Amino acid sequence: MAKINLTICDICGDRSKDAAPYTIKTEEGSFSADLCEDDAKPIKGVLDRIKNRPVVRRPGRVPVATMEDIEKLKGN
Ligand SMILES: [Zn+2]
């Protein structure tokens with residue numbers, strides 16, 4: 001008897017649908033789940049939007065201080 005490795009969706013548990021593993025990293029941590037095509041649709045939709053977004057160069061978040069600013073902060 002052949003063994004069939006079937007990944008079952010963690011959300012609907014439907015054995016008739018093949019599921020794929022997904023890992024989502026957020027501020028709250030990293031989450032892994034096996035999702036069928038239907039349950040993965042919202043994620044894929046977001047992914048497509050991320051992939052297709054225009055590349056926007058954001059200025060660095062770290063403020064740049066000049067030596068002058070640092071001297072002022074020291075109160076000299
Ligand atoms: Zn599902």
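**Note on the predicted model: hairpin, zinc site and helices**

1. T23 counts as exposed because its relative accessibility is 52%; exposed means over 50% relative accessible area, buried under 20%, and partly exposed in between (1.4 Å probe, protein chains only). T23 sits in strand β1. From T23 to E68 the separation is 45 residues in sequence and 46 Å in space, C-alpha to C-alpha.

2. On the basis of the note: this is a predicted model, in which local features need pLDDT of at least 70 and side-chain atom pairs count only at pLDDT 80 or more, while totals for chains, interfaces and linings use all residues. Residues are numbered from 1 along each chain as its sequence is written, and side-chain values use heavy atoms, with hydrogens and water left out.

3. Strands β1 (residues 19-26) and β2 (residues 29-36) run antiparallel and are joined by 8 bridges. Two strands pair if DSSP finds at least two bridges between them; strands (E, at least two residues) and helices (H or I, at least four) are DSSP runs numbered from the N terminus. The two strands make a hairpin, with 2 residues between them. A20 stands opposite L35 in β2.

4. Which residues coordinate the zinc ion? The donors are C9 (SG), C12 (SG), C36 (SG) and D39 (OD), at 1.8 to 2.3 Å. A donor is an N, O or S atom within 2.8 Å of the metal (3.2 Å for Na, K and Ca); water is not among the atoms, so sites may look incomplete. The sequence spacing of the donor residues is C-x2-C-x23-C-x2-D. C9 counts as buried, at 3% relative accessibility, whereas C12 counts as partly exposed, at 38%.

5. The arrangement at the zinc ion is tetrahedral because the 4 donor atoms subtend angles of 99 to 115 degrees. Four donors count as tetrahedral if all angles lie between 85 and 135 degrees. The ideal angle for four tetrahedral donors is 109.5 degrees.

6. The salt bridges number 3, where a salt bridge is a side-chain nitrogen of Lys or Arg within 4 Å of a carboxyl oxygen of Asp or Glu. One of them joins K17 to D38, with the closest N and O atoms 3.0 Å apart. This pair links distant parts of the chain, K17 lying in the segment before β1 and D38 in helix α1, 21 residues apart. Both count as partly exposed: K17 at 25% relative accessibility and D38 at 41%.

7. Helix α1 covers residues 37-52. The side chains of K51 and D48 meet in a salt bridge at 4.0 Å, N to O. K51 and D48 are 3 residues apart in helix α1, so about one helical turn separates them. K51 is exposed, with a relative accessible area of 62%, and D48 is partly exposed at 41%.

8. E71 and K74 are 3 residues apart in helix α2, so about one helical turn lies between them. E71 counts as partly exposed at 32% relative accessibility; K74 is exposed, at 55% relative accessible area. G75, which follows α2, has a positive phi, near 80 degrees.

Methods
Tetrahedral: all angles 85-135°; square planar, octahedral: opposite > 155°, others 65-115°.
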